[in-house]
Amino acid sequence: YFVAPDQFGEHSVMLTGDDAHHAARVMRMEPGDEMIVSDGVARAALVSVSSIAQGEVQAQIKEWLPMSGEPAWSVTVAQSLPKGDKMELVIQKGTEIGAASFMPFQSERMIVQYDGKKEAKRLERWGKIAKEAAEQAHRSRIPGVEPVRTWREMIASIASYDAALFCYEKEGGAAGTGLRSAVGEIRNRLGEEEGQMKILLVVGPEGGFTEREAAEAEAAGAVIVGLGKRILRTETAAMVGLACLMYESGE
Ligand code: SAM
């Protein structure tokens, strides 16, 4: 199963670079072997390998397939930049669970020092992790990873979602109840349009959010939600929130 954006012709698909290496050398595919290839955005196809040469694997399209592995709700994980390689974990696991995209952002109590100079390299690596995780999960789409936003930019984006859920441990409650009642309210508000629900799930850094940040998010239209009585690590909170939303969506 490959997700190979921009490699589709009308009747054929070409794998290049790492994908071609994986198909030819790791999976040892040969002419006649079949695989599924998605363009990462809108289409997937059952294809049959026709030739393997010079780092390229050419395959003929046998049948167009419906998109697979995509949840009903579109959830963007807005994650305040965590330290070390935790953002990679959030992207990898979040993609498997069903995130539509990731929005790293800066906030007051971040432990990591944000270095904008490394942005391009980091985005490339994050994109690669999302692609590999989408393939592993047999998803048709590769979740996008946006450039790191400032707090103001993240807050300004809230208005473009059907709902923003701001995870705040001071909200307390039994596991997922805060989130469940918030989802219930959003459902009532959207009615028929619930099927395409577009949600922003906002998670704080290791140091948590400040009261002022929680108030600002609420003023911008976010709903403050708790994820249970226990304090979760930042990367765990993103996964728990996302898994609860996938469960609520029925997918
Ligand atoms: N110090 C730990 C760490 O190093 O990761 C825990 C940090 S916790 C304050 C990080 C973020 O996870 C919070 O800002 C919040 O968004 C989310 N979070 C953790 N536990 C939560 C809970 N029970 N309810 C809601 N959000 C929670």
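How many bridges join strand S9 to strand S10, and in which sense, parallel or antiparallel, do the two strands run?

A: Four bridges join S9 to S10 (residues 198-203), and the two strands run parallel. Helices (H or I, at least four residues) and strands (E, at least two) are DSSP runs, numbered from the N terminus, and two strands pair if DSSP finds at least two bridges between them. The model is predicted: local features need pLDDT of at least 70, side-chain atom pairs count only at pLDDT 80 or more, and totals for chains, interfaces and linings use all residues. Residues are numbered from 1 along each chain as its sequence is written.

The bridge partner of glutamine 79 is proline 104 in S7.

Five of the five residues of S9 (residues 163-167) are buried, so the strand is largely enclosed by the rest of the structure. A residue is buried if 20 or more other C-beta atoms lie within 10 Å of its own, exposed if 12 or fewer, and partly exposed in between, with C-beta atoms placed from the backbone. Both faces of S9 are covered, by this criterion: Ala163, Leu165 and Cys167 are buried on one side, and Ala164 and Phe166 on the other.

Cys167 also belongs to the surroundings of the ligand, where it is listed among the closest residues together with Gly204, Glu206, Gly208 and Ala237. In total 18 residues surround the ligand, a residue being near a molecule if its C-beta atom, placed from the backbone, lies within 6 Å of it. This shell divides into eight nonpolar, five polar and five charged residues. Here Ala, Val, Leu, Ile, Met, Phe, Trp, Tyr, Cys and Pro count as nonpolar, Asp, Glu, Lys and Arg as charged, and the others, Gly among them, as polar.

Ala237 leads on to helix H7, where it is one of the buried residues, which also include Thr234, Met239 and Leu245. The 16 residues of H7 (residues 234-249) should span 22 Å at 1.5 Å a residue, and its end C-alpha atoms are 23 Å apart, which agrees; the expected span is 1.5 Å times one less than the number of residues. Glycine 241 is found in H7 and counts as buried, because it has 25 C-beta neighbours inside 10 Å. After H7 comes glycine 250, whose phi is positive, near 85°.

As to confidence, the mean pLDDT of the chain is 90, and 96% of its residues reach 70 or more; pLDDT is the predictor's confidence in each residue, from 0 to 100. The predictor gives the complex an ipTM of 0.97 and a pTM of 0.88.
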